[in-house]
Amino acid sequence: MRRSPLGRVWPGATAVVLFALFVFPVYWMFATAFKANKDVVSETPVWFPSSPTLDHFRRAVDADGFWTLVGNSLTVTLVAVGLSLLIALLASFAVARLRFKGRKGFILVMMTAQMAPWEVMALAYYIIVRDADMLNSLVPLAAVYTVMVLPFTVLTLRGYVAAVPKELEESAMVDGCTRAQAFRKVIFPLLAPGLMATSLFGFITVWNEFPYVLILNKQAGQTLPVWLTGFRTTFGDDWGATMAASSLFAVPILILFVILQRKAVGGLTSGAVKG
């Protein structure tokens, strides 16, 4: 059957509208970061920077503690993502390849943990960290973030490991490899898209996380999301510098997404439908 002109147009029009709704806040953030002060506080919206300036970026990076908090964010993010990938690699291989008692229960626990709202456990984590006298430390924060992204990482990598033919692993073992060597030399190189997908998800989750760092850490132990909410000057809210700092905060995610986009999408779809 031939589709009507309206039937051919509305899907594209809907996509354009949704794209504009999602992209406009990002555009406004970057545009405001380059506007002069008079355009930022103007009662009439200024859609394009009339005289672009980098003054807001200078004030943001010169603010007290900015680079310390950048280091804190990078530290907890890289540690959490690295640990979750290491643990999930071993766990996903065991779940996908081995048959052991409690395997289905383990998968159910991972799914339940993935669906559970992490906010309801914030009080329990706070009490544990407080009793361990580790408040305002990056160590418990990285541990919490590792646990937070681990279920998704395990479930996604499990599907990707299951998609690798067993015959490849068995052939390597026939040629003299141990199971560990077969995993390292055969399976691991084929998991690159899945690793990129899960690492991208983990990076975005941890980099943007707000409630736990607000509860567990204060002042020097905080990360950029909390700092951005209280970015002020002696004259009040500096929206230009706030938007500049927010733009700098978003840049690492944008760069990582551009680099990993193609393989990450393949990894997510493969991990979602296999195994």
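Residues are numbered from 1 along each chain as its sequence is written, and side-chain values use heavy atoms, with hydrogens and water left out.

The secondary structure of the chain comes to 13 helices and two strands, where helices (H or I, at least four residues) and strands (E, at least two) are DSSP runs numbered from the N terminus. Of the 275 residues in the chain, 39% are buried; buried means under 20% relative accessible area, exposed over 50% and partly exposed in between, with a 1.4 Å probe and protein chains only. The chain averages a pLDDT of 81, and 89% of the residues score at least 70, pLDDT being the predictor's confidence in each residue, from 0 to 100.

Helix H6 spans residues 122-131, and in it Ala122, Tyr125 and Val129 are buried. Seen down the axis of H6, these buried residues fall within an arc of 65 degrees, so they line one face of the helix; the arc is that of the directions from the helix axis to the C-beta atoms. An α-helix has 3.6 residues a turn, so residues three or four places apart point the same way. On the other side of H6, Leu123, Ile128 and Asp131 are exposed, while the buried residues pack against helix H7 (138-163) and helix H11 (211-216), contact meaning heavy atoms within 4.5 Å.

H6 is followed by Asp133, which lies in the loop between H6 and H7 and has a positive phi of about 55 degrees although it is not a glycine. Asn136, also not a glycine, has a positive phi as well, near 65 degrees. Most residues other than glycine have a negative phi. Asp133 is exposed, with a relative accessible area of 69%, and Asn136, at 44% relative accessibility, counts as partly exposed.

The largest nonpolar core has 36 residues, and those with the most contacts inside it are Leu191, Leu224 and Trp227; such a core is a set of buried Ala, Val, Leu, Ile, Met, Phe, Trp, Tyr and Cys residues joined through side-chain atoms within 4.5 Å. H4 gives the most to this core, with ten residues. Leaving out residues up to four places away in sequence, Leu224 touches Phe66, Leu69, Val70, Ser73, Trp207 and Phe249. Apart from this core lies another, of 16 residues, among them Ala122, Val129, Met148 and Val213.

In helix H13 is found Ser246, which is buried, with a relative accessible area of 15%. The side chain of Ser246 reaches the backbone oxygen of Thr242 at 2.8 Å, and beyond its neighbours within four places in sequence Ser246 is in contact with Met29 and Leu228.

Where pLDDT is low, the predicted coordinates should not be read in detail.

Notes: Predicted model: local features only at pLDDT ≥ 70, side-chain atom pairs only at ≥ 80, totals over all residues. Polar contact = N/O pair within 3.5 Å; in protein donor to acceptor, adjacent residues only side chain to side chain.
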